[in-house]
Amino acid sequence: MKRSALLVRWVAAGAALLTLAFWAQPPKAPAQARPLVWKVGASWPVTDPAFSLNLKPLGERVEKLSGGRLKWELLPAGAVVPAFEVLDATHRRVLDAAHTCSYYWVGKHKAAHLFTGAPGGPFGLDLWDFYGWMHHGGGLELLHEFYQQVLKLDIVAFPVITSSPQAM
């Protein structure tokens, strides 16, 4: 084969490879829509372990599990409303969510304390008994009924983690 014919074949093969490489690129991902950002008010300051050890990792987990489509703007007590107003602020849609304890609402109804971990302390349910009741014994349904029908609030509560009972 003549040298010029070989050169033409190599140039043609190179051009074909470049064309193939250009057209065979993976499609570009569509621009990701802006994430939905929820304002999540807390009943504690940033320095409280409930904020740094519970709320912050929970917000990170929500973002990760949603593939970045949902982000939480974490707002400590007082950033939008005072600590003990996050429940009503969530009901009124001032906040999208709240991170708080139900025993803060005993002024609204005395049964509120029953939905915060280990209400019986050492004389009743321990933490694992409480979670068993909450998730397998009808406690979660009662919690929803308490907030929606008894307190007449337009919220859905999800127990995240409990604290031990505190003296009131």
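Visitor: In β2, which residue is the bridge partner of V40?
Guide: The partner of V40 is L74. This is a predicted model, in which local features need pLDDT of at least 70, side-chain atom pairs count only at pLDDT 80 or more, and totals for chains, interfaces and linings use all residues. Residues are numbered from 1 along each chain as its sequence is written, and side-chain values use heavy atoms, with hydrogens and water left out.

Visitor: How do you know that β1 and β2 pair?
Guide: Six bridges join β1 to β2. Pairing asks for at least two bridges found by DSSP, so β1 and β2 count as paired. The two strands run parallel.

Visitor: What makes residues 97–99 strand β3?
Guide: A strand is a DSSP run of E with at least two residues, while a helix is a run of H or I with at least four, both numbered from the N terminus. Residues 97–99 make up β3, and H99 lies in this strand. In β3, A98 is the bridge partner of G41. Strand β1 (residues 36–42) pairs with β3 in the parallel sense over three bridges.

Visitor: Why are β2 and β3 said to stand at the edges?
Guide: The open sheet has three strands in the order β2-β1-β3, with parallel pairing. β2 (70–75) and β3 each have a single partner strand, so one side of each lacks a neighbour in the sheet.

Visitor: What packs on the sheet?
Guide: Helix α2 (residues 49–65) does, touching β1, β2 and β3; touching, or contact, means heavy atoms within 4.5 Å.

Visitor: Why is H99 called buried?
Guide: Its relative accessibility is 9%. Buried means under 20% relative accessible area, exposed over 50% and partly exposed in between, with a 1.4 Å probe and protein chains only. Therefore H99 counts as buried. Residues that H99 touches include V40, W44 and L58.

Visitor: What joins the side chains of H99 and N54?
Guide: A polar contact of 2.6 Å joins them. The term covers a pair of N or O atoms within 3.5 Å; within protein, one must be able to donate a hydrogen and the other to accept it, and residues adjacent in sequence count only if both atoms are side-chain atoms. The value for H99 and N54 falls within that limit.

Visitor: Is H113 buried or exposed?
Guide: H113 has a relative accessible area of 16% and is therefore buried. H113 is found in the loop between β3 and α4 (127–136).

Note on methods. Axes fitted to C-alpha atoms, helices over the stretch in contact; angles between N-to-C directions. Lists of a residue's contacts leave out its neighbours within four places in sequence.
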